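Subject: Structure handover

Hi,

Here is the structure I promised to pass on. My notes on its charged side chains follow below.

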Amino acid sequence: MIIIGSDHAGFAMKEAIKEYLAGLNYLVEDVGTFNEDSVDYPDFAKKVAKKVQDSDNLGILICGTGIGMSISANRFVGVRCALCHDAYTAEFARKHNNANILAFGGRTTGLEIAKQMVYIFLNTSFEGGRHQRRVNKIDTEGEE
């Protein structure tokens, strides 16, 4: 299951990505927003983050730039939301950081690049090894 959410600035891109994912036979849960009326991005980042937190589901968040969504989602323990801009960053967000939410900007990312990032993100596995040690340090809340 792919959990997807956006604010008003990411709405059109979210709809296009949902259609793309359906064409690839992914099950998608859309947590909103459902139109282009102005909304607050943290509300939708929270909805996706809570559904991804402590699950095997991956998420996608889209706002104008992706920045606000990624900041908001990363406030939740167990969430590793990566703001990506291209295929390379999407690939290594999964390979090295075990990211479980992909964030990008609906106003800053072209549709074809977004599709490429989504495909790579969903089809790349975490490498583990030395990267697992680093990922483990993310949720240590300041412990040395």
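Please keep in mind that this is a predicted model. Lys14, Glu15, Lys18 and Asp30 are joined in a network of salt bridges. One link in that network is the salt bridge between lysine 18 and glutamate 15, at 3.3 Å from N to O. Both residues sit in helix α1 (residues 11-23). They are three residues apart there, so about one helical turn separates them. Lysine 18 is partly exposed, at 22% relative accessibility. Glutamate 15 is partly exposed too, with a relative accessible area of 28%.

Across the whole structure, the search finds seven salt bridges. Two others deserve a look in your viewer.

Glutamate 29 pairs with lysine 51 in a salt bridge, and their closest N and O atoms are 3.0 Å apart. This pair links distant parts of the chain, 22 residues apart. Glutamate 29 belongs to strand β2 (residues 28-30), and lysine 51 to helix α2 (residues 41-52). Glutamate 29 has a relative accessible area of 28% and is partly exposed. Lysine 51 is also partly exposed, at 37%.

Glutamate 91 and lysine 95 form a salt bridge as well, at 2.7 Å from N to O. Both lie in helix α4 (residues 87-95). Four residues, about one turn of the helix, lie between their positions in the numbering. Glutamate 91 is partly exposed, with a relative accessible area of 23%. For lysine 95 the value is 21%, which is again partly exposed.

Best wishes

Key
Residues numbered from 1 in each chain as written. Predicted model: local features only at pLDDT ≥ 70, side-chain atom pairs only at ≥ 80, totals over all residues. Heavy atoms only, no water. Salt bridge = Lys/Arg side-chain N within 4 Å of Asp/Glu carboxyl O. Helix = DSSP H or I, 4+ residues; strand = E, 2+ residues; numbered from the N terminus. Buried < 20%, exposed > 50% of the residue type's maximum accessible area, 1.4 Å probe, protein only.
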